[in-house]
Amino acid sequence: MHLEIRRPWELPGSQATPEPVYHDRRRFLKALGFAGAGALLGGSLLRAATATAGPATGAAPARAAGHPLYPAKRDARFALDRPLTDETVAARHNNYYEFTEQKDRVCKLVDRFRARPWRIEVAGLVRRPREIDVDDLMRALPIEERLYRHRCVEAWAMAVPWSGAPMSAFVKWAEPASAARFVRVVSFLKPDEAPNQKIATWYRWPYYEALRMDEAMNELAFLAFGVYGHDLPVQHGAPARLVTPWKYGYKSAKAMVRFEFTDRQPRTFWNDVAPTEYGFLSNVNPKVPHPRWSQATETMIGTNEKRPTLPYNGYARWVAHLYDAKTLTHRS
Ligand SMILES: Nc1nc2c(c(=O)[nH]1)N[C@H]1C(S)=C(S)[C@@H](COP(=O)(O)O)O[C@H]1N2
Ligand SMILES: [Mo]
């Protein structure tokens, strides 16, 4: 008899295929065991915890009402070639592995998460290592709204209005030393508030990512505090996240607590999980398929419209000069 073991993310009904494939059999089986137990335990505990909280629709936190930073002035340089994704669609289709691997369930598991108060640490090769409250940081930076496309490596896409500051403004504020060549970002570690950090212990929490310094200083790189004209809801990365629209979505780390400037290329979360599938630069490239699916087209969430994938996700004029023209990756 042929016994087929389905990975959790291949279960029928899951819309797109999430990131990980474990080539290491031991780790894969361990993952399955934990995932099974976790789904049962986590499911019942969480149902209990959220029973009185009402439906999770991804609505913005109450403090967003009347926040002086919204609405931020829209930056006209970033026009879209497609309609904005519906806010409720975007808020119910999320990749956020700290909560769950299931995109449609992230928004239902966010109620325990506290995005305030929130300290952000600036460390490494900087003139002055320091900590700042996220609201103070927001007030220290020039806030604007940008309409950006977003392309997940799983071949789904959306178009959303982020509010925030150019990453370059943040980097200048952080005053890195001239020796800094990369900026590493680290997300939160709060297993009591993000259930999958407790359940899926085989991941190397907290989530970590990094950009080259020239990427962080590029005009497109963005530090978002809001979306759709209000604070980020938890599922989109409250209180602050990266947005690098020319790269696959996993580079855009959510809910960061630390920025670290360094002279050596940092490791990254998905590259550590599956090095043959996810690299460091991860620029959107229709010509380089994922080992298990093509990247030639993408599907807009909400409408299911299919579109051809564009090199650098359509942002070549902003970023192509940073990379080699043939590979869209390292300059030769
Ligand atoms: N901390 C953290 N950041 C993350 C992720 C994650 O699991 N954890 N997922 C990434 C992936 S794969 C994508 S596609 C985007 C999804 O962002 P969205 O849910 O706001 O659409 O967030 C990225 N940032
Ligand atoms: Mo993604």
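Me: How many residues surround ligand 1, and which are the closest?

Reply: This is a predicted model. In it, 20 residues surround ligand 1, and the closest are Tyr97, Glu98, His236, Arg241 and Lys254.

Me: What is the make-up of that shell by class?

Reply: The shell around ligand 1 has eight nonpolar residues, eight polar ones and four charged ones.

Me: Which atom of ligand 1 does the backbone of Tyr97 meet? And what about the side chain of Glu98?

Reply: For Tyr97, a backbone N or O atom lies 2.8 Å from an oxygen atom of ligand 1. For Glu98, an N or O atom in the side chain is 2.8 Å from a nitrogen atom of ligand 1. Ser252 also has a backbone N or O atom 2.8 Å from a nitrogen atom of the ligand.

Me: How much of ligand 1 does the protein cover?

Reply: On its own, ligand 1 has 530 Å² of accessible area, and the protein covers 100% of that.

Me: Where does ligand 1 sit, then?

Reply: Ligand 1 sits in the largest cavity.

Me: Switching to cysteines. How many disulfides does the structure hold?

Reply: The structure holds zero disulfides.

Me: Is Cys107 buried or exposed? And Cys152, buried or exposed?

Reply: Cys107 is buried because its relative accessible area is 3%, under the 20% cut-off. Cys152 also counts as buried, at 4% relative accessibility.

Methods
Residues numbered from 1 in each chain as written. Chains lettered and ligands numbered in written order. Predicted model: local features only at pLDDT ≥ 70, side-chain atom pairs only at ≥ 80, totals over all residues. Heavy atoms only, no water. Near = heavy atom within 4 Å. Polar contact = N/O pair within 3.5 Å; in protein donor to acceptor, adjacent residues only side chain to side chain. Areas by Shrake-Rupley, 256 points an atom, 1.4 Å probe, with all protein chains shown as cover. 1 Å grid on protein atoms, 1.4 Å probe; cavity = no way out; pocket = protein on both sides within 12 Å on 5 of 7 lines; lining within 4 Å. Sits in = over half its atoms within 2 Å of the grid points. Nonpolar A, V, L, I, M, F, W, Y, C, P; charged D, E, K, R; others polar. Disulfide = S-S within 2.5 Å. Buried < 20%, exposed > 50% of the residue type's maximum accessible area, 1.4 Å probe, protein only.
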